[in-house]
Amino acid sequence: MYLRMAKRLLLETDKRLLCKASWTLGVKGLLSVHKHKRRLKRGEFFPPFLYLSVINSCNLRCQGCWVDVAAKQHRIELEAANKTINEAKQMGNAFFGILGGEPFMHKDLLEIFAAHRDAYFQVFTNGHFITDEVAARLRKLGNVTPLISVEGSEIISDQRRGRAGVLNDTMAGLEAALRNKLMVGVCTSVCKTNIDDLVSEKWIDRLIEMGVMYCWFHIYRPVGPESNPDLALTSEQQRRVRQFVVDIRATKPIIVIDAYHDDAGNALCPAATGFTHHVGPWGDLEPCPVIQLATESIHDQRPLKDTFNNSEFLRDFRELTAQHTRGCVIMERPDLLVELAERHGARDTTARGTVIEELNAVSPRRSQFQPGDEIPERSLVYRWAKKYAFNDFGTYSRHFDTSNWKDPDTAPPAEPKNALPVVTK
Ligand code: SF4
């Protein structure tokens, strides 16, 4: 299997892009994790992987999206993006996740990539703006991998993403990227309506046949202004996705990303461990893309290094979350985020201004934390890589106390916040 993967990488991608990815993402990415570990030992903090949502606008209206895609367009301008990336690079960072809205709607996106040939960018995109011309420019730049989201069959995609013909446009973008020999990934937010079609060997075989090099299955999180809890996976279905990922990694020549488990299958949250944090379209420094609360911004006057290191809000987020769960705090304990926002006077970073109401309305449910049901990696390569570069860096042994964990599957339903007091006679 490893040989088949190596053969695919060598024969199906542009060699220059492969070398670039191996150096920038592989070697420099590992180095950035190494520096992160050293910082932690000295009691300092800077996340080694930053996600930037460079624009709020999008051409689609996906179910459960938390971004204000219909609000007036706002973006991280070229100068601010360059400054942020430069400051992160000075800390040893080499890899950046670019999100939106739809990142390719940012007029200066390719200029941002061109200004940082020593860094590597993963762009979360619906693929609709990847024409042959765009793909050729990305190939020339050599430091970008598009991660194209596919949310199901034609009918399901149209349902999930708000209009007809979405899948066709996505597949056209995917094909343009593959024709130009880019390193291409496909990601899916797995939910009840697409689990059977996409968490399947048939789909993985099709991706391999098309030339896709990696895939990423993350679970649908019912958050935001129009969340759809009916789409969320049950604990059993989440287990099925995890087992599938572990099996595919050991048997199929395709790379599978997941950001929620260590080598032994223990759950983790990459924001609670400090592995990643997120910069929103207004420049706010948030724990992760779905937690739209902040006290600091990239536009603050002090250097980013000091802002991250001294942010009491983000430090408290990491500790409070890790004290209570190894899973996803917004799914399991949205009340902790309300408490945190109140304690720090955190601002709602959305245009709609309803984040606290939305958090109060979330019905807690289990996330990746399924105690007693950990599924360790079967693949030796993933096991080694995670042991060294993707684990909790001691976060949970320092903070997690099992007695704090409330199992959302057995907890009694929360009282509605606006319930009238019971009058006793
Ligand atoms: S809080 Fe939830 S969505 Fe955010 S990084 Fe952690 S696990 Fe992921």
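Ala, Val, Leu, Ile, Met, Phe, Trp, Tyr, Cys and Pro are counted here as nonpolar, and Asp, Glu, Lys and Arg as charged. On this basis, the shell around the ligand in this predicted model comprises ten nonpolar residues, one charged residue and no polar residues. The ligand is surrounded by Arg221, by Cys269, Pro270, Ala271 and Ala272, by Cys288, Val290 and Ile291, and by Cys328, Val329 and Ile330.

Strand 3, which spans residues 120-125, is largely enclosed by the rest of the structure, because six of its six residues are buried. The side chains of this strand are divided between two directions, with Tyr120, Gln122 and Phe124 pointing one way and Phe121, Val123 and Thr125 pointing the other, and all of these residues are buried.

Strand 3 pairs with strand 2 (residues 95-99), to which it runs parallel and is joined by four bridges; within this pairing, Gln122 of strand 3 is the bridge partner of Gly97. Strand 3 also pairs with strand 4 (residues 144-149), again in the parallel sense, over five bridges, and here Val123 stands opposite Pro146 of strand 4.

Key: Residues numbered from 1 in each chain as written. Predicted model: local features only at pLDDT ≥ 70, side-chain atom pairs only at ≥ 80, totals over all residues. Near = placed C-beta within 6 Å. Buried ≥ 20, exposed ≤ 12 C-beta atoms within 10 Å, placed from the backbone. Pairing = 2+ DSSP bridges.
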